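Please read them with the structure open.

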Amino acid sequence: MTEERDGADGAEDAARGPDGGDGDAAGGPDGGDADAARGPDGGGEGAGGLGERERDLLAVERRSWPGPGAKERAVRERLGLSPTRYYQLLNALLDDPRALAHDPVTVNRLRRVRDEKRAKR
């Protein structure tokens, strides 16, 4: 059975983990290391599109935040990830061509920021 999403229920989906659970399924406190075994796409929608978790990662980055604490709190509450794991997944996602196709403005902005930080080192 195929499930179509229009993005209207994104807030509810972001609160659940990739398996529809509450985000605290298997593994460690950040939702599990099963993500690492499945790769940056989290085993979502097959080869052609981004999985739910990847879309949620980009959605968090698309927003503007009043301060760093608010963003980290949202990452923990909505995605069930530690900030460190979140940034690991996000960094891998920036190199995924499917992410660029899904949200080119956000991905290109984040790539520029990453490249600037690398150049300063």
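1. Ala 59 counts as partly exposed, because its relative accessibility is 28%; the term covers values between buried, under 20% relative accessible area, and exposed, over 50%, taken with a 1.4 Å probe on protein chains only. Ala 59 sits in helix H3, where a helix is a DSSP run of H or I with at least four residues, a strand is a run of E with at least two, and both are numbered from the N terminus.

2. The model is predicted: local features need pLDDT of at least 70 and side-chain atom pairs count only at pLDDT 80 or more, while totals for chains, interfaces and linings use all residues. Residues are numbered from 1 along each chain as its sequence is written, and side-chain values use heavy atoms, with hydrogens and water left out.

3. The overall plan comes next. The protein chain has 7 helices and 0 strands, in the order α-α-α-α-α-α-α along the sequence. Of its 121 residues, 38% count as buried. Take the contacts (heavy atoms within 4.5 Å) between residues at least 6 apart in sequence: 53% of them join residues at least 24 apart.

4. Is H3 enclosed or open? H3 is largely enclosed by the rest of the structure, because 9 of its 11 residues are buried. Charged residues are among the buried ones, including Glu 52, Arg 53, Glu 54, Arg 55, Asp 56 and Glu 61. Leu 57, Leu 58 and Val 60 are also buried. For the classes used below, Ala, Val, Leu, Ile, Met, Phe, Trp, Tyr, Cys and Pro count as nonpolar, Asp, Glu, Lys and Arg as charged, and the others, Gly among them, as polar.

5. Which residues does Glu 61 touch, leaving aside neighbours within four places in sequence? They are Lys 71, Tyr 86, Tyr 87, Leu 90, Thr 106, Arg 109 and Leu 110. Glu 61 belongs to helix H3 and is buried, with a relative accessible area of 7%.

6. H3 (residues 52–62) packs against H4 (residues 68–79) at an angle of about 160°, and the axes are 11 Å apart. Axes are lines fitted to C-alpha atoms, for helices over the stretch in contact, and angles run from 0 to 180 degrees between N-to-C directions. H3 and H4 are therefore roughly antiparallel, the term for angles over 145 degrees; under 35 is roughly parallel, 65 to 115 roughly perpendicular and the rest oblique. On the H3 side, Arg 53, Asp 56, Leu 57, Val 60 and Glu 61 make the contact, and on the H4 side Lys 71, Val 75 and Leu 79. By class, this contact has 4 nonpolar, no polar and 4 charged residues.

7. H3 also packs against H7, at about 70° and with axes 10 Å apart, so H3 and H7 are roughly perpendicular. Here Leu 58, Glu 61 and Arg 62 of H3 meet Thr 106, Val 107, Arg 109 and Leu 110 of H7. The classes are 3 nonpolar, 1 polar and 3 charged.

8. H5 and H7 pack at about 105°, again with axes 10 Å apart, which means that H5 is roughly perpendicular to H7. Leu 90, Asn 91 and Leu 94 of H5 are in contact with Val 107, Leu 110, Arg 111, Arg 114 and Arg 118 of H7. That contact divides into 4 nonpolar, 1 polar and 3 charged residues.

9. Is Val 107 buried or exposed? Val 107, in helix H7, counts as buried because its relative accessibility is 0%. Not counting residues up to four places away in sequence, Val 107 touches Leu 58, Leu 94, Ala 99 and Leu 100.

10. Last, the largest nonpolar core has 15 residues. Such a core is a set of buried Ala, Val, Leu, Ile, Met, Phe, Trp, Tyr and Cys residues joined through side-chain atoms within 4.5 Å. H3, H4, H5 (83–94) and H7 (104–120) each give two or more residues to this core, and H5 gives the most, with 5. Leu 57, Leu 58, Leu 79, Leu 81, Tyr 86, Leu 93 and Ala 99 have the most contacts inside the core.
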